[in-house]
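Please keep the sequence and the structure open while reading.

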Amino acid sequence: MDFELTDEQKMLSETVTRFVAETYDFSKREHALRSADGWSREAWAALAEMGLLGLPFAEEDGGFGGSGVEMMLIMEALGRGLMVEPYFATVVLAGGVLRHGASAAQRAAIVPGVIAGERILALAHDEAGQARHTLAARTTARPAGDGWIIDGAKIAVIHGQSAGTLIVSATTGEGLGLFLVDARADGVSIEATRGYDGVPVASVRLAGVAVGADALIGEAGTGAAILDRSFDEARAALVAEAVGAMAETFDITVDYLKTRQQFGVAIGSFQALQHRAVDMLMQLELSRSMAVLAALSLDGDADQRRRNIAAAKAQIGKSGRMVGQEAVQMHGAIGITAEYKVGHAFKRLTAIDALLGDRDHHLARLVELGGVYPAE
Amino acid sequence: MNLEFTPEEIAFRDEVRAFFREALPDDLRRKMINREHLEKDDTVRWQRILNARGWAVTHWPVAYGGQAWTPAQRYIFQEEMALAHAPEGSPFNVNMIGPVLCRFGTDEQKRRFLAATANLDIWWCQGFSEPGAGSDLASLKTSAVRDGDHYVLNGQKIWTTQAQHADWMFGLFRTDGSGKKQQGITFLLLDMKTPGITVRPIETIDGGHDANEVFFDDVRVPVANVVGEEGKGWDVAKHLLGSERSGIARIGLSKERLSQLRSLERRLAAEGVLTPAEHERLAFKLAEVEVELRALELTQLRVVSADAHGGGANAAASILKVKGTEMQQRMTELVLELAGPAGLATAGHDWVSAAAPFYFTMRKVSIFGGSNEIQKNIIAKTMLGL
Ligand SMILES: Cc1cc2nc3c(=O)[nH]c(=O)nc-3n(C[C@H](O)[C@H](O)[C@H](O)COP(=O)(O)OP(=O)(O)OC[C@H]3O[C@@H](n4cnc5c(N)ncnc54)[C@H](O)[C@@H]3O)c2cc1C
């Protein structure tokens, strides 16, 4: 057992954390949100330059073969900055599908562009009116000549409007398939909006979209297994991002308790608030522990991975809500203004719970899987 | 003890219910159901409909347009209003400045303001809080210095809800800084068009623009606009803050939301969006909320009835505020959970896209009106003697 980071990991963490603190403060983030894209190409280029976009990809694909721990460190740092750039959408989520499902030829065609920061990917899986977090889709892909014709509609596509390439889940005759779709292809229409957390999000319609045989990732019917694996990796990343957002929220709140004066004293002198700040700290530390568990579970036994990831996601659903709500409350009115970072962290923490299964979903999943601790 | 309404009360309920059904414009009902933002004009329109019926300011003294209702009638009225999806009028007019003027206003102030306030011909805002004076309101600093027949105001208010729409402000200003902080505060009425007033909007996390900063730069206010006496504004403010008791928990609103949640629950289960297991979990949570809501409702009725029998239930208002706001917030969590990832997108005009902004904005209810921490301090002090 060893909870120490290696020197290299420490350096990675320090570098990314410093990068976020120095180049992506709250006003920079506001600026990015107000830009036409709604996110910062400049910050994205900087992430590419630091090699972070290639971190989880294999060395033979031009990446660094980073592990879950490195991903955790990066996501925590990005979480502190509440970064709205497509790191999660492209590198983690869609990238995960490529890592766990795509052929060498597909990866060779796409991954280098991603690593260079030139190519944005988005995963289009969720649909309206479907059971939540199902691995099935109503969108269909039917064989046509050498390729496929895709029809359907997707919602909650994170950074769908930013992406050049979409990965679309669709039901084939043999089960769920995942398809690479050019976002500019005929029949694709994208309705761009923004999530309440500031992150761009889109609805995507696919009307008779023709793709070639080489668009299919894995085989027709392996889509669910690929998503299952990729989603767990993405959940671990979200857990780490939540830890970053919570840590930032906690620090700002404690600072505020020390500086805000009412009744002639710092409000942090009231025990009613002290205990609640301590409760926040406890939730943060529990979440941090679960982020480590999640990061270390990715490459092990699949059954144990699922249990651990579900446990971690359930934990941060609870902690994130508690930390966000308490931070807002202890700030008073300033906590709910858009001009202050805490409210935005609260919103991002809310979104993280909603993504890829909320707390209830994962608790139920744990019940199905037989609990956190495997039976003797 | 008896939980039944009397036949008279039931007849009253039916009358109120019928009125709301007929009088509430459809577009307003729809906006309320979808949690859409109400425009100023929406609120004005509705308050005038209520006022025409004599029901805009029911708890004001009868002489000024109020109704001599029993506490049970007031309770029924509020509950029916919420169940009908009717908006509330302007709280600043109805619950704050109106009762204050009825009690402390000069004859001239009453003549000038009361009828116009009830009809929302004047839109009021509340200038109490300042950057340095929130929970500790009495530490406010914005100054009013006497100069002949006028005061000259300098300083800043903050969080002033809907100041951008307001015709007039009622506020607290420091006319004397030499004594205890509760002394030397004066309650003033000012025309928002007076030169030297600047309103700056503050955006909130739900994307709304209801909050503002208001700056005063040598703003001249006639001495005739003092309410009560110079330097005695704190007493007026205390009266105002304590005046609206019976509706503070907003049970009717929570009941209406619960019934909306129930129909959503059924619809989503029928559509297969909720799996049977998810449905069961949700039903369980709703049952839990319902138990607490019923307990709170009965507590409120006990308070109301103690009021009617002259019992001193003042600190009970703090209990109702804390538990009532917790209930309102809990309801928004459940809707948020139901919306799921589809609720991320903020475009659209349905309950799904309204779920998250509503959850965010309702965090305010435990902050304003005396934060829930301050309410608990009041309970500890006045009920427990701690
Ligand atoms: C949406 C909204 C609308 C508003 N509209 C208006 C308006 O129209 N006009 C107006 O004048 N004001 C308005 N307010 C301001 C409101 O009255 C204040 O927010 C409130 O008084 C709290 O003050 P504060 O925000 O400065 O928080 P603070 O007083 O700084 O409190 C910060 C935190 O410390 C806690 N705290 C403070 N003192 C104690 C204590 N003694 N013990 C334990 N905990 C304590 C508080 O509960 C809170 O959690 C509005 C506020 C909101 C959120």
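In chain B, residues 6-119 carry the UniProt annotation "domain: Acyl-CoA dehydrogenase/oxidase N-terminal", which comes from an unreviewed entry. The model discussed here is a predicted one, and the points below take up the annotated spans, the contact between the chains and the surroundings of the ligand.

**Annotated domains**

**Interface between the chains**

- Contact between the two chains involves 46 residues of chain B and 44 residues of chain A.
- About 3,700 Å² is buried between chain B and chain A, and carbon and sulfur atoms give 58% of that area.
- On the chain B side, the residues that lose the most area to chain A are B:Ile205, B:Pro341 and B:Leu344, which together account for 20% of what that side buries.

**Ligand site**

- Because the residues that surround the ligand come from chains A and B, the site is shared between chains.
- There are 28 residues around the ligand, and those that come nearest are A:Gln329, B:Ser135, B:Thr161, B:Ser371 and B:Glu373.
- By residue class, the shell around the ligand consists of 13 nonpolar, 12 polar and three charged residues.
- Helix H9 (302-331) of chain A and helix H12 (372-382) of chain B each supply at least two residues of this shell.

**Polar contacts and burial of the ligand**

- B:Thr161 has a polar side-chain atom 2.6 Å from a nitrogen atom of the ligand, while an N or O atom in the side chain of B:Glu373 is 2.6 Å from an oxygen atom of the ligand.
- A polar side-chain atom of B:Asn377 is found 3.0 Å from a nitrogen atom of the ligand.
- The ligand taken alone exposes 970 Å², and the protein buries 92% of that area.

Conventions. Residues numbered from 1 in each chain as written. Chains lettered and ligands numbered in written order. Predicted model: local features only at pLDDT ≥ 70, side-chain atom pairs only at ≥ 80, totals over all residues. Heavy atoms only, no water. Near = heavy atom within 4 Å. Polar contact = N/O pair within 3.5 Å; in protein donor to acceptor, adjacent residues only side chain to side chain. Areas by Shrake-Rupley, 256 points an atom, 1.4 Å probe, with all protein chains shown as cover. Helix = DSSP H or I, 4+ residues; strand = E, 2+ residues; numbered from the N terminus. Nonpolar A, V, L, I, M, F, W, Y, C, P; charged D, E, K, R; others polar. Contact = heavy atoms within 4.5 Å. Buried area = accessible area lost by both parts, 1.4 Å probe. UniProt positions renumbered as here; feature names shortened; annotations may be inferred.
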